[in-house]
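Open the model in your viewer and keep the sequence panel beside it. The stops below say what to select and what is found there.

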Amino acid sequence: ENQKERHLTWSEVHWLRQISNLPVVIKGIQTSEDAIIAADAGLEGIIVSNHGGFALHGATPPILVLSEIVDAVDGRLEVYVDSGVRRGIDALKALALGAKAVFVGRPVAWGLAVGGEAGALEVLEILRLQLLEAMGSCGLASVGNVSAGLVRQFLSR
């Protein structure tokens, strides 16, 4: 069987939950319905992701469904996001929409390809500084102060 074509099913997620005491977080959630199933299964977290568009070209960008998914799970599990994060302001927007954390893949891979470990670290430092700059522009000293009200500020710019 071709592993690329194999898809994890909810029954396998339930099985994993039953045999392990480890926290279970799954990636690839794109709808509030699936997020609710994950919360009902007792998962500790989900990653809202379209896998960078690799799984399905033209898939909805996670930033567009993030707040709906956060609202749907109502704090029953942690919600993370990836896909489409290219600048620090992207991370701040995701946090403002309710993500607990933001994962970055492609930019770090680009940095790694260009400059090895130092290149990957440089990309992360650039993103960190951009995030701090965006926070400062919004009058925030800490990511703990990020709120949904920031979304209106972004839309008005």
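Start with the lining of the second largest pocket, where helix 5 supplies the largest share, 4 residues. Helices (H or I, at least four residues) and strands (E, at least two) are DSSP runs, numbered from the N terminus. This is a predicted model, in which local features need pLDDT of at least 70 and side-chain atom pairs count only at pLDDT 80 or more, while totals for chains, interfaces and linings use all residues. Residues are numbered from 1 along each chain as its sequence is written, and side-chain values use heavy atoms, with hydrogens and water left out.

**The pocket**

Select Ala91, Val102, Val104, Leu127 and Leu131, which lie nearest the centre of the second largest pocket among its 14 lining residues. A pocket here is an open set of points on a 1 Å grid over the protein atoms alone, where a 1.4 Å probe fits, with protein on both sides within 12 Å along at least five of seven lines; lining residues have an atom within 4 Å of a point. The volume is about 230 Å³, counted as the space filled by probe spheres set on the points, which are joined across faces, edges and corners.

Next, colour helix 4 (88-96) and helix 5 (106-137), each of which gives the lining at least two residues. By type, the lining holds 10 nonpolar, 1 polar and 3 charged residues. Ala, Val, Leu, Ile, Met, Phe, Trp, Tyr, Cys and Pro count as nonpolar, Asp, Glu, Lys and Arg as charged, and the others, Gly among them, as polar.

Now show the strands: 4 of them form an open sheet in the order 1-2-3-4, with parallel pairing. Strand 1 (25-29) and strand 4 are the edges; each has a single partner strand, so one side of each has no neighbour in the sheet. Two strands pair if DSSP finds at least two bridges between them.

Select strand 2 (residues 45-48) and strand 3 (residues 78-81), which run parallel and are joined by 4 bridges. Centre on Tyr80 in strand 3: Ile47 stands opposite, and in strand 4 the bridge partner of Tyr80 is Ala101. Val81 has Val102 of strand 4 as its bridge partner.

Finish at Ser83, in the loop between strand 3 and helix 4.
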